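Biologist: I'd like to learn how to read a structure like this one. Can we go through it feature by feature?

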Amino acid sequence: MSERIQGIRDRLAKATPGPWARDPYDRASCQVIARGNEVIAYHHRHERQIDSRVVANYELMAAAPSDIGFLLSEIERLTEEIETLRGK
């Protein structure tokens, strides 16, 4: 397994289990919640919630676009390799 894939797995394992969603009832601030209404990320003006899991959650969110792009490229590469091995 590549270091990149392991890094993705590590970030995901450290974060609060999903699924995650923006709280549709939260109009005054930005709040991301997990099942059971556990707050994942919260921002209202200059207030912040910081602990090790919140930091891990922000790291996962920040890495998501890059990680997803990498995974999509990897899926494409592996799909092409499978097709080559099957002789298509």
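Modeller: Let's start with burial. This is a predicted model, and 25% of the 88 residues of the chain count as buried.

Biologist: Where is the confidence lowest, and where is it highest?

Modeller: Check the pLDDT by element. Strand β4, residues 47-48, has the lowest mean, at 51. Helix α1, residues 3-14, has the highest, at 86. For the chain, the mean is 75, with 66% of residues at 70 or more.

Biologist: Now the pockets. How does one look for them?

Modeller: Rolling a probe the size of a water molecule over the atoms shows where empty space is left. Here, the largest pocket has a volume of about 170 Å³.

Biologist: Which residues line that largest pocket?

Modeller: Among them are Ile8, Leu12, Trp20, Leu60 and Met61. The lining also includes Ala64, Asp67, Ile68 and Leu71. By type, the lining has eight nonpolar residues, no polar ones and one charged.

Biologist: Which element gives the largest share of the lining?

Modeller: That's α2, with six residues. Both α1 and α2 (52-86) supply at least two residues each.

Biologist: One last thing: how many contacts join residues that sit well apart in the sequence?

Modeller: Take contacts between residues at least 6 apart in sequence: 34% of them join residues at least 24 apart.

Notes: Residues are numbered from 1 along each chain as its sequence is written. This is a predicted model: local features need pLDDT of at least 70, side-chain atom pairs count only at pLDDT 80 or more; totals for chains, interfaces and linings use all residues. Side-chain values use heavy atoms; hydrogens and water are left out. pLDDT is the predictor's confidence in each residue, from 0 to 100. Helices (H or I, at least four residues) and strands (E, at least two) are DSSP runs, numbered from the N terminus. On a 1 Å grid over the protein atoms alone, a cavity is a set of points where a 1.4 Å probe fits but cannot get out, and a pocket is an open set with protein on both sides within 12 Å along at least five of seven lines; lining residues have an atom within 4 Å of a point. Grid points are joined across faces, edges and corners, and a volume is the space filled by probe spheres set on the points. Ala, Val, Leu, Ile, Met, Phe, Trp, Tyr, Cys and Pro count as nonpolar, Asp, Glu, Lys and Arg as charged, and the others, Gly among them, as polar. Buried means under 20% relative accessible area, exposed over 50%, partly exposed in between (1.4 Å probe, protein chains only). Contact means heavy atoms within 4.5 Å.
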